[in-house]
Amino acid sequence: MASAHGRFIRQIRLATGADGSRYPFTLPAVRRLAGPGGLTLPPGVTFLVGENGAGKSTLIEAIAVAAGFNPEGGSRNFRFATRATESDLGDHLILTWGIGRPRTDFFLRAESYYNVASEIERLDAAGGGPLLSAYGGVSPHERSHGESFLDLVTHRFGPAGLYLLDEPEAALSVQSCLALLARMHELTAQGSQFLVATHSPVLLALPGATIMEISDEGGLEQVAFDEALPVRLTREFLGAPGRFLKNLLDSGESGAARGSWH
Ligand SMILES: Nc1ncnc2c1ncn2[C@@H]1O[C@H](COP(=O)(O)OP(=O)(O)OP(=O)(O)O)[C@@H](O)[C@H]1O
Ligand SMILES: [Mg+2]
């Protein structure tokens with residue numbers, strides 16, 4: 001029976017002894033994991049937000065590797081590799097696991113979804129069971145990017161699962177983001193745990209989710225929905241696009257304008 005509150009990974013800490021002078025150990029968000037308590041994950045959904053380059057993908061990928069996933073994505077049974085781009089951070093992370101094992105799992109990186117799709121096709125063609133039906137019955141290569149992603153979360157994801165997702169909104173329309181939100185809500189009620197890096201203010205609205213924000217200074221703190229940077233910025237922009245753009249474009253330099261958003 002699935003527990004009502006999925007909490008498979010409870011805590012993530014950086015082991016002592018890592019070389020602090022090179023990537024990824026120089027990233028403030030990574031150094032933060034060496035501090036007392038590291039990063040605690042609550043049951044259900046945790047979002048990671050922060051500007052481009054803040055370290056979200058580095059963190060999610062390393063947590064995935066430490067949890068036993070293939071660095072390029074897929075379930076923990078996937079073992080393909082097209083190009084090693086992952087850092088060795090995963091070897092230096094200590095995960096504290098909760099009681100009970102996930103019934104299923106998936107790690108998804110927007111950047112390598114194409115390769116995951118190819119691996120699904122290859123495994124299906126190699127036999128050993130009708131794998132494609134678990135993904136909605138159609139090869140991901142014969143669906144649009146967004147369609148195949150929704151197939152994945154609708155058909156392949158299930159109750160009591162552990163899901164690590166890096167920018168799942170990359171392929172999705174706003175309407176499809178809302179469909180993903182609803183599916184995440186359903187799976188969380190069925191005992192699943194999610195860790196999701198996102199820039200989507202729509203996804204962040206998921207009720208009951210915890211939002212952890214990597215600040216420009218490298219802090220990693222919980223923020224409320226209304227305070228999260230993607231929400232504040234999108235709200236400010238949509239509230240008065242004309243005024244917003246005037247400020248941005250009149251400043252003559254996007255970097256300078258960016259400073260005024262914070
Ligand atoms: N292999 C690498 N070697 C050195 N630096 C790297 C490497 N990969 C990433 N970085 C740097 O580490 C930082 C964090 O990158 P990361 O991809 O984790 O950011 P992110 O928060 O996921 O950004 P985005 O929102 O753009 O996806 C960036 O400044 C990036 O340039
Ligand atoms: Mg990223």
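At roughly what angle do the axes of helix H4 and helix H5 cross?

## Basis of the model

This is a predicted model, in which local features need pLDDT of at least 70 and side-chain atom pairs count only at pLDDT 80 or more, while totals for chains, interfaces and linings use all residues. Residues are numbered from 1 along each chain as its sequence is written, chains are lettered from A and ligands numbered from 1 in the order in which they are written, and side-chain values use heavy atoms, with hydrogens and water left out.

## Helices H4 and H5

The axes of H4 (residues 145-156) and H5 (residues 174-189) cross at roughly 15° and come within 10 Å, the axes being lines fitted to C-alpha atoms over the stretch in contact, with angles from 0 to 180 degrees between N-to-C directions. H4 and H5 are therefore roughly parallel to each other (angles under 35 degrees count as such).

In the contact (heavy atoms within 4.5 Å), Phe149, Leu150, Val153 and Thr154 of H4 meet Ser176, Leu180, Arg183 and Leu187 of H5. These residues divide into 5 nonpolar, 2 polar and 1 charged.

## The open sheet

An open sheet of mixed pairing is formed by 6 strands in the order E5-E6-E7-E3-E8-E9, where strands (DSSP runs of at least two residues) pair if DSSP finds at least two bridges between them. Strand E5 (104-109) and strand E9 (220-223) stand at the edges with a single partner strand each, so one side of each is left without a neighbour in the sheet.

Within the sheet, strand E6 (residues 161-166) pairs with strand E7 (residues 193-197) in the parallel sense over 5 bridges, and Leu162 stands opposite Gln193 in E7.

Technical notes. Helices (H or I, at least four residues) and strands (E, at least two) are DSSP runs, numbered from the N terminus. Angles under 35 degrees count as roughly parallel, over 145 as roughly antiparallel, 65 to 115 as roughly perpendicular and the rest as oblique. Ala, Val, Leu, Ile, Met, Phe, Trp, Tyr, Cys and Pro count as nonpolar, Asp, Glu, Lys and Arg as charged, and the others, Gly among them, as polar.
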